[in-house]
Amino acid sequence: MPMPEAMETHGRSASLKKQQGTVRAAFEAFGECDEECAKVYGGGLDQLSEETLCHEDVVRRFATFLVEDWRAAGTGEHIGGATVLQYLSVLMNIIVNKYRSSDDAKTKKFCLSLAKHAPEGAWYRGLKAEVRKLCFKRALENGESLDNSATPVGFQQVKRMAVALAHRSTPRAMETKFALRQTWASGGRAAESAYLLYTGLKWDYDQQCTVGLWPQLKTFKVKLAVFVAGIDASTCYYTDWGDVMALSQPPIFEDGEACFLNTKLSLAAHPARVLGASMKDLRKDCPELPEDVSAGGLRPGVVNYALMHVDPMFLCHTTGHDGKGFSNLFEYMDASVAMAIPGAVVLAGWPALPRALGKAPVPADLFCLVTQGNRERMELFVDALFNMHSAAPPMLLQNGDLRPPSARAPPALSCTIRSESERGGTLRPCQAIETVEGMKLYDPGASADTTLIRWSAE
């Protein structure tokens, strides 16, 4: 076995490499912007000497070029202040990572520029402040947008999308609906929905809800995601999960292999873009969605909506924000199901808990209908409804750790049927009705749909 390579202390992700490539291209353009620049900075970063690069003058001149001359690819417009600062940060890190071990005194001093409070970095902190001021002034003078953040997508818009997807009644639409619900309920970061594993989920018997270990890609930390029953079918995690399982096969589970809850997103190179594209496609059914709707709008939408009802002290346990800068108390208030419940309740459409902390609304349980004689038939009903097979994730099968939430999904589907019936709507055939008919589980002298309605009432 060959000797392992020394691990680098700076990032190696694909996104960082892409950023570095963009900054290198911008620096090459900077080196060619005029004859004087070409003499000093031409040839690109890899061709310049340590003496040239480890000097604040090159960073200052590059900053001026980015603010005044560089245009975004595709749009031909000035890049915003935040992007300029990001480019400068990437440039500084490229230089510092290359020369951090140098013995030259001037280089050592330059490398300290990135230290948060070091006096050697005063020039760099001042440069960043000047960039913000110049970009803000330029935007005002040229009528540029002062806010390039994603347009928030709120609770009512997510609910409307869920209704539109439910009407499509296709496996793909159900996967999108479930991914949308997962993302909203867990704090709004769309890309993270792709990485939720079956092995990362468990059932909390005290709170009667599903709890997941949610990977936070931005901070490289794990938080608890709590999924509670929704106030109605269009806001219910268990309805959405049931719809996915009823219209598709569970994935094949293999020991030692990752088994993801949302296969549509987990297979995508850019999960947030995939979810965002589905949201854009829904604009024809949901005209209230903003023209520039994107998955990035879910995060500010979650925060804006939840803050109307939940104290930030509790909400941060749902969104994953770090409150340690606000108070050292957060050093000791570790993430727990109880602390995440207040945010989860509000994001599921319910009024805020009256005493801040408390128990979440509990999803209906199919097995409350069970008698000693029909337990096995009810278990078979769940297996048939959700297309369980011997290679399915074992936690979904009988006696598995996730069997309790699986048993909560059929009643959620039943409640949907009941609400349609009460509104005088026509009951269309669905998986639940067909399964009850196929297994002859309906009440004597009754139909499958009326049996399901009775189940939901009980």
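Biologist: What makes the three strands β1-β2-β3 an open sheet, and in which sense do they pair?

Modeller: In this predicted model, the three strands follow the order β1-β2-β3 with antiparallel pairing, and the sheet they form is open. Its edge strands are β1 (201-204) and β3, each of which pairs on one side only. From one strand to the next, the twist averages 30 degrees.

Biologist: Why is Gln208 called buried?

Modeller: Gln208 is found in the loop between β1 and β2, and its phi is positive, about 55 degrees, although the residue is not a glycine. The term buried applies under 20% relative accessible area; Gln208 has 15% relative accessibility, and therefore counts as buried.

Biologist: Why is Asn399 called exposed?

Modeller: Asn399 lies in the loop between α16 (375-385) and α17 (403-422), and it too is a residue other than glycine with a positive phi, near 70 degrees. Exposed means over 50% relative accessible area; because the value for Asn399 is 76%, the residue is exposed.

Biologist: How many cavities of 30 Å³ or more does a search of the whole structure find, and which elements each supply at least two residues of the lining of the largest cavity?

Modeller: The search finds two such cavities, and the largest has a volume of about 60 Å³. The elements that each give at least two residues to its lining are α9 (171-185), β3 (221-227) and α15 (337-347). Among the lining residues are Arg181, Phe227, Thr235 and Tyr237, and the lining divides into eight nonpolar residues, one polar and one charged.

Biologist: Which residues line the second largest cavity, and how do they divide?

Modeller: Ala185, Ser186, Leu224, Ala225, Val226, His317, Thr318, Ala340 and Ala344 line this cavity. The elements giving two or more residues to its lining are β3, α14 (312-319) and α15, with the largest share, three residues, coming from β3. The volume is about 30 Å³, and the lining divides into six nonpolar, three polar and no charged residues.

Methods. Residues are numbered from 1 along each chain as its sequence is written. This is a predicted model: local features need pLDDT of at least 70, side-chain atom pairs count only at pLDDT 80 or more; totals for chains, interfaces and linings use all residues. Side-chain values use heavy atoms; hydrogens and water are left out. On a 1 Å grid over the protein atoms alone, a cavity is a set of points where a 1.4 Å probe fits but cannot get out, and a pocket is an open set with protein on both sides within 12 Å along at least five of seven lines; lining residues have an atom within 4 Å of a point. Grid points are joined across faces, edges and corners, and a volume is the space filled by probe spheres set on the points. Helices (H or I, at least four residues) and strands (E, at least two) are DSSP runs, numbered from the N terminus. Ala, Val, Leu, Ile, Met, Phe, Trp, Tyr, Cys and Pro count as nonpolar, Asp, Glu, Lys and Arg as charged, and the others, Gly among them, as polar. Two strands pair if DSSP finds at least two bridges between them. Axes are lines fitted to C-alpha atoms, for helices over the stretch in contact, and angles run from 0 to 180 degrees between N-to-C directions. Buried means under 20% relative accessible area, exposed over 50%, partly exposed in between (1.4 Å probe, protein chains only).
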